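Dear colleague,

Please find below the structure that I am handing over to you. My notes on what was found in it follow directly after.

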Amino acid sequence: MEIIITPRAPFDFAATARFLRFTEAEAVDIFKDGIYRRAFSFGNHLRLLNVEARGTVARPFLAVTLARQSKITGAEMKMVESVVRRIFSTDHDLKKFRAQVAGDSLMSKLEAAHRGLRIARWPTLFEALTVSILSQQISTIVAMTLKRRLVEKFGERLTLNKADFFAFPRAERLARASVEELRALGLSGSKAVSIIEMARRSSDGELNEDELERADNESLIARLTSLRGVGRWTAEWALMLHFGRTDVFPAGDLALRGCVVKYYNESRPMTEREIRNLAELRWGQWASYAAVYFLAGMRAKIISLQP
């Protein structure tokens, strides 16, 4: 059974899929030979999700299938479509982002260079928060190495055609883990405690995603920062990378702060409040995309934080 999804144009599938793989240490999101693959539980079944682009950036559409290990139901396929639409932010209208930044020479340049790149999102709030906690105050390479260890230790394994795929660990599984087990993987004690506590609260139903989805940004940030180990930086990235909010700019992020200070304030220091105000004024409802395109620009060496 195949689903066809038509994202809003422009849509660059390959660029967005690559953004899910921060480093080659990535263990869950696989992008190879033009196909995105991820092991994910739909209902009670662990499935291998396959997504392939068959259109163009200007006229995009995606073909979505599940590897057939057993009978696939219509209800499962509806869940599959919802997950894919979330992961690839298919409903975001980037023509409005282009219009928003038309008078901004730098952001217009980044938009043109990466046209169609979407906010690549994690399908569950638990995964988004866990990865964000892992990433706190360490390099991306180290964070993704820790993520791989966590996934291979606690995630479910799916073997198809002699290839192994790992699903991100369920909250219920990490809720039963010990601090010592997580520390043995290289996590700090504080991160281990935070992840286990969050897993327990998530598995107990305290993080109702449908309810949180309806909250405005500041209410949602307040709710998330009540969790152990979740500060505003982590919460703002979760708003972007799970809920898909387009009007968030993580002003506490050192790389993003460096971009704003260097390119928009003549390298003069700015407070987080000043950076958020500038982001709201310049990029408005599309501030999250400005953040993503700054990161893409740095990866592509179009911009740099070097003097």
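In helix 1, the buried residues are Phe 13, Ala 15, Thr 16, Ala 17, Phe 19 and Leu 20. Please keep in mind that this is a predicted model. Six of the eight residues of helix 1 are buried, so the helix is largely enclosed by the rest of the structure. What do these buried residues pack against? Their partners are strand 2, strand 3, strand 4 and strand 5, together with helix 2 (74–87) and helix 15.

The N-terminal end of helix 1 is capped by Asp 12, which has a side-chain oxygen 3.3 Å from the backbone nitrogen of Ala 14. The loop between strand 1 and helix 1 contains Pro 10. The peptide bond joining Ala 9 and Pro 10 is cis, with omega at about 0°. As background, most peptide bonds are trans.

An open sheet is formed by five strands in the order 1-5-4-3-2, with antiparallel pairing. Strand 1 (2–5) and strand 2 (30–32) are the edge strands, and each of them pairs on one side only. On average, neighbouring strands of this sheet are turned by 25° against each other, direction ignored. Helix 1 (residues 13–20) packs on the sheet and touches strand 2, strand 3 (35–42), strand 4 (45–53) and strand 5. The direction of helix 1 makes about 135° with that of strand 2.

Within the sheet, strand 1 pairs with strand 5 (residues 62–66) in the antiparallel sense, over four bridges. Ile 4 stands opposite Ala 63 in strand 5. In general, the strands of a sheet pair through backbone hydrogen bonds.

**The nonpolar cores**

The largest nonpolar core has 101 residues. Which residues have the most contacts inside this core? They are Phe 88, Met 107, Leu 182, Leu 224, Phe 249, Trp 283 and Phe 294. Helix 15 (residues 287–299) gives the most to this core, with eight residues. Another core, of seven residues, lies apart from the largest one; among its members are Ala 39, Leu 48, Leu 158 and Phe 165.

Leaving out residues up to four places away in sequence, Phe 88 touches Phe 11, Phe 13, Thr 16, Ala 17, Leu 20, Tyr 36, Val 51, Arg 118 and Ile 119.

Most residues other than glycine have a negative phi. Gln 137 has a positive phi, near 60°, and is not a glycine. Gln 137 is placed in the loop between helix 5 (125–134) and helix 6 (140–154). Asn 161 likewise has a positive phi, of about 50°, without being a glycine. The loop that holds Asn 161 runs between strand 6 (157–160) and strand 7 (163–166).

Are these two residues buried or exposed? A residue counts as exposed over 50% relative accessible area. Gln 137 has a relative accessible area of 85%, so Gln 137 is exposed. Asn 161 is at 81% relative accessibility and therefore also counts as exposed.

Ser 135 is found in the loop between helix 5 and helix 6. With a relative accessible area of 19%, Ser 135 is buried, because the cut-off for buried is under 20%. A polar atom of the Ser 135 side chain lies 2.8 Å from the backbone oxygen of Val 131. Neighbours within four places in sequence aside, Ser 135 is in contact with Ala 143, Met 144, Lys 191 and Trp 233.

With kind regards

Technical notes: Residues are numbered from 1 along each chain as its sequence is written. This is a predicted model: local features need pLDDT of at least 70, side-chain atom pairs count only at pLDDT 80 or more; totals for chains, interfaces and linings use all residues. Side-chain values use heavy atoms; hydrogens and water are left out. Two strands pair if DSSP finds at least two bridges between them. Helices (H or I, at least four residues) and strands (E, at least two) are DSSP runs, numbered from the N terminus. Axes are lines fitted to C-alpha atoms, for helices over the stretch in contact, and angles run from 0 to 180 degrees between N-to-C directions. Contact means heavy atoms within 4.5 Å. A nonpolar core is a set of buried Ala, Val, Leu, Ile, Met, Phe, Trp, Tyr and Cys residues joined through side-chain atoms within 4.5 Å. Buried means under 20% relative accessible area, exposed over 50%, partly exposed in between (1.4 Å probe, protein chains only). A polar contact is a pair of N or O atoms within 3.5 Å; within protein, one must be able to donate a hydrogen and the other to accept it, and residues adjacent in sequence count only if both atoms are side-chain atoms.
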